[in-house]
Amino acid sequence: MGLILWQLLSSEKCLSVFTRDAWTAADLNRPGLKKAQFVGNSVMDNLNSTGKD
């Protein structure tokens, strides 16, 4: 991650970071961000199950 992006994300003005996958949230939290949370992928929220493969 670039230095400028890290400064923006770790700023006190940045209250939360929402990610589209769990790996990214874990990766951001590892160096100490502790604001990142996985909330899901909005594209997948609109899919309806048909019961078929």
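**View 1. K35, a buried lysine without a salt bridge.** K35 is buried (under 20% relative accessible area, where exposed means over 50% and partly exposed lies in between, with a 1.4 Å probe and protein chains only) yet has no salt bridge, a term for a side-chain nitrogen of Lys or Arg within 4 Å of a carboxyl oxygen of Asp or Glu. The nearest side chain of opposite charge belongs to E12 and is 8.3 Å away, with Lys and Arg counted as positive, Asp and Glu as negative, and His and the chain ends not counted. This is a predicted model, in which local features need pLDDT of at least 70 and side-chain atom pairs count only at pLDDT 80 or more, while totals for chains, interfaces and linings use all residues. Residues are numbered from 1 along each chain as its sequence is written, and side-chain values use heavy atoms, with hydrogens and water left out.

**View 2. The surroundings of K35.** K35 lies in the loop between helix 2 and strand 2 (36-38), where helices (H or I, at least four residues) and strands (E, at least two) are DSSP runs numbered from the N terminus. Leaving aside neighbours within four places in sequence, K35 is in contact (heavy atoms within 4.5 Å) with several residues, among them L9, E12, C14, V17 and N29.

**View 3. N29 in helix 2.** N29 belongs to helix 2 (residues 22-29) and is buried, with a relative accessible area of 17%. The side chain of N29 reaches the backbone oxygen of A36 at 2.9 Å, and, beyond its neighbours within four places in sequence, N29 is in contact with K34, K35 and A36.

Conventions
A polar contact is a pair of N or O atoms within 3.5 Å; within protein, one must be able to donate a hydrogen and the other to accept it, and residues adjacent in sequence count only if both atoms are side-chain atoms.
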